[in-house]
Amino acid sequence: MARSFYRKNNKQKKSEEENFSLEIGTNLVENLNKINKMLEEPNDLVIRKFTIDSASHRTAIVYIDGLVDSNYIHDHIMKNLKQATELPDDKHQLFDVIHWEVITVTDIELGQSLEDVCNAILSGKTVFYLDGMDQVLIMDTKGGENRSIEEPASESLIRGPRDGFIENLRTNTVLIRRHIADPNLRFKNYEVGRRSKKDLVVAYVAGIANPDMVEEVKRRLETIDIDDAPESGYIEQWIEDSFLSPFPQVLNTERPDKAAEAMLQGKVVIMLDRTPFVLIVPATFGSSLHSPEDYYWRWSLATLIRILRYLAAFISVFLPALYIALVSYHQGLIPSDLAFSIAATRDGVPFPPFIEALIMTATMELLREAGLRLPTPIGQTIGIVGGLVIGDAAVSAGIVSPIMVIVVALNAIASFALPSYGIAISFRILQFGLMFAAAVFGLYGIILGYIMINIHIVNLTSFGVPYSSPFAPNFLNDWKDLVLRVPITMKKKRPDYMQTNDQKLMDKGDSSSEKV
Amino acid sequence: MKRFKYADERISEKDILVAIPSSVIGVGILSLPREVASVTKFADGWVPLLIGGCIVIFMTWAIAKFASGFRHQTFLTYASKIVTKPVAIVLTILFAASSIVITAYQVRKISNIAQQYLFDQTPIEIVALTFLLVVVYAVSGSRAGLFRINIMFLPIILLIAFSVIIFNLGWFEIKKLMPVFQTPPTDYVKALNTSTISYLGFSILWFHLALVGQPKKAPKMAALGMCIPVGLYIIIFLVCIAVFGNAVTSNLLYPTIELAKVVEIPGGFFERFESIFFVIWIMAIFNTTTMAMDISVIALNSIFKNTMKLKIIFMLAPVVYLIGMLPQDIVTVDLLGAIMGNTIVILNIFVLLLLTVIAKIRGVKRNE
């Protein structure tokens, strides 16, 4: 529904940007003036005029300082041009000779309009002008400072590769290529942004990924029409299925190994320039709770961790709600000894359990948010000191009961144990809804809330794949890698719910699994 | 052959296998042991339960066999071909009406039980309303989604049912089951009626089979699915008798929930297991109710083709609520349930016979 709304807006005529439709003239000085005028003579614009072939031809190169690799320009353009001799006199021939022989930059193309020139310069390319020609050479000389490849801070693992994506798209595609050395690996290029053009790459393994799904991803990407996409979150929000859902329908990661593993399962990876976060589609509920580390440890440990994670998911959604329901409606359900001690600790607390829980969870969220904003050492201190001090003080002040502090602390820890920040946040949103339901209807409210969450999940799709798969629609084969993680040798097929073109993972084993 | 096509909203035969027990298991089983035990002696109730089960399994198979012959056609379409359009519309309306009453019955019943086991002060009107709203939310979603919900909930429901049975093993007294076959034959017939009514839920086959992509194996799957509630009911009945004895069982209002009351969780984690049991059982009742309501929505939608599905649902919901709130006390509610059960059994048998015979006589071709 949202998409159709945007599509309507798209139909509005794209306003013509007159400034950019100017042609390139034959006069060098005029051409250079045009560029200067268009960009309003920025101080980082470098226009180097020079002559070649014993001062018989006037030329110039234009680039923006800092975006380019100046050593590269010197070695592959300037030096070659200066040393070239016996060049033809005819302008056209000369231009061709320079294009094909003299310049040794690997990526080189012709530019016809001022718009080409401007976009090229702004994305770190170098433009070569020859006096008397209405064409230019655009050479890829991208360079400049980049962050080095580091371990991603948001997804650190005990075991696994230590490299992470960085802000440079080319480096990121290389990282993927190193993981998947397959001739069927496909990178499809797109440009997004009206004002600021950014490169976007759709990566998938042809022959594995379902072609219908790849087409759907491309179709959605082509509808993107925004000024600028500073981060892949813009892309995610534009192409996701339902903006009303609390659940993330697109996964993101900073880890090349996770992205590569997803691609080998038949998923599609979307990479945007200038952000280390790549998107993985489609996402399912099960895959949101997976971590790449699950596959690196032995299966028994990995399975245990996964079960623990599902338990953490349960706690992070239901625990405060259960506390509220049990304490305010169903005291009879709690064993009598415990019920007495809870009643004793709640003695003197002036608020009903719902308000009590709301105060504590709100405090917890505040601490979390504050800890994020502060530098790491201070942030940790805030987390620990804040949690301990406020919890302790709140109990002694009689605002909350000690059991409540335990409940909220356990709940927060459980939500941090989840591998994806996105799903942890969505659980926290649900938790507030369930707390409210529990405050009104007790256990009955919680179960109705649970049913409603389930209704929502089964109706949700991510790029045509049901969000609830492989639970429902049920794919028994995929249960091998869901809550459990069977030994690697027993996982013979790619996930069924992905409907890949090449389901088999190994040649060994029985052929009976083929007959489905 | 692929079971699941990318972005496909059809359902598979295996979904039918799950949907049948999901729409059968509901409030019925909670009071069934009492109803059966009160007309039979000792543990003899399993005989009518088994015979009734066999009849129902056969009927399920027959309906599925008949309906799957008309691939991807709605009930109204193929019924119109066989017995002219006006008659088909009347039959569809009968199905819709009976499903509406069943929905209302379930909604009312769950509110009564919730009042008894969860809260004593909240008025049943509020409990019923919230439950109905959640049902409406489910029905207004995609139809494939309903079947997915069934798949998600059924394992949990069976798990809690079997945990009740297993935790009760300690209270078993085999001598309460003896002696066997003491009931006079006329009482078996009475009990047979009760047991057949409790297996209702196969009406979905008339309407939902049109959604199945490859309905060839559907009859087998539907019959297999029906075996699950039959087996479960017999086991629960026997456990009730073995734990409480016939006399106590026939006097308990909801013997199955009382069975959960006996349970003591080792480790003393919870007390009053019956509340937990009933809370989980709400999922089972929810599945039954949504499937019943969806039947009426499909039926009405096939008659009023140009009306939006949501409009139908929003018009149905108040009707369901009013019908559910109409009976004054629990006796009237149970009476309503019994009448509806008999009506639906007769309706199903009647429609099956009518359509089969006339289709034979007029030679209506299948799979067109």
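Modeller: Let's start where the two chains meet: between chain A and chain B, the salt bridge count is 0. A salt bridge here is a side-chain nitrogen of Lys or Arg within 4 Å of a carboxyl oxygen of Asp or Glu. Before going on, some housekeeping: this is a predicted model, so local features need pLDDT of at least 70 and side-chain atom pairs need 80 or more, while totals for chains, interfaces and linings use all residues, and side-chain values use heavy atoms, with hydrogens and water left out. Residues are numbered from 1 along each chain as its sequence is written, and chains are lettered from A, ligands numbered from 1, in the order in which they are written.

Back to the interface. On chain A, 39 residues are in contact with 36 residues of chain B (contact means heavy atoms within 4.5 Å). The two chains bury about 3,500 Å² between them, and carbon and sulfur atoms give 72% of that. Buried area is the accessible area (1.4 Å probe) that two parts lose on being put together, summed over both. A:Leu333, A:Phe441 and A:Tyr444 supply 19% of what chain A buries against chain B, more than any other three residues.

Polar contacts do turn up here: the rule finds 3 residue pairs across the interface, both partners at pLDDT 80 or more. Such a contact is a pair of N or O atoms within 3.5 Å; within protein, one must be able to donate a hydrogen and the other to accept it, and residues adjacent in sequence count only if both atoms are side-chain atoms.

Which elements of chain A do the touching? Helices (H or I, at least four residues) and strands (E, at least two) are DSSP runs, numbered from the N terminus. The largest share, 13 residues, comes from α18(A). By type, the touching side of chain A splits into 25 nonpolar, 12 polar and 2 charged residues. Ala, Val, Leu, Ile, Met, Phe, Trp, Tyr, Cys and Pro count as nonpolar, Asp, Glu, Lys and Arg as charged, and the others, Gly among them, as polar.

So where are salt bridges found? Over all chains, the search finds 30. One of them joins A:Asp294 to A:Arg309, with the closest N and O atoms 3.0 Å apart. That pair links distant parts of the chain: A:Asp294 sits in helix α11 (residues 293-296) and A:Arg309 in helix α12 (residues 299-328), 15 residues apart. A:Asp294 is buried, at 2% relative accessible area, and A:Arg309 is buried at 9%. (Buried means under 20% relative accessible area, exposed over 50%, partly exposed in between, with a 1.4 Å probe and protein chains only.) These two also belong to a salt-bridge network with A:Arg306, A:Asp481 and A:Lys491.

Now look at A:Glu369 and A:Arg373, whose closest N and O atoms are 2.4 Å apart in their salt bridge. Both lie in helix α14 (residues 353-373) of chain A, 4 residues apart, about one turn of the helix. A:Glu369 is partly exposed at 30%, and A:Arg373 is exposed at 61%.

Chain B has an example too: B:Arg272 and B:Glu274 meet in a salt bridge at 3.6 Å, N to O. B:Arg272 is partly exposed at 41%, whereas B:Glu274 is buried at 3%.
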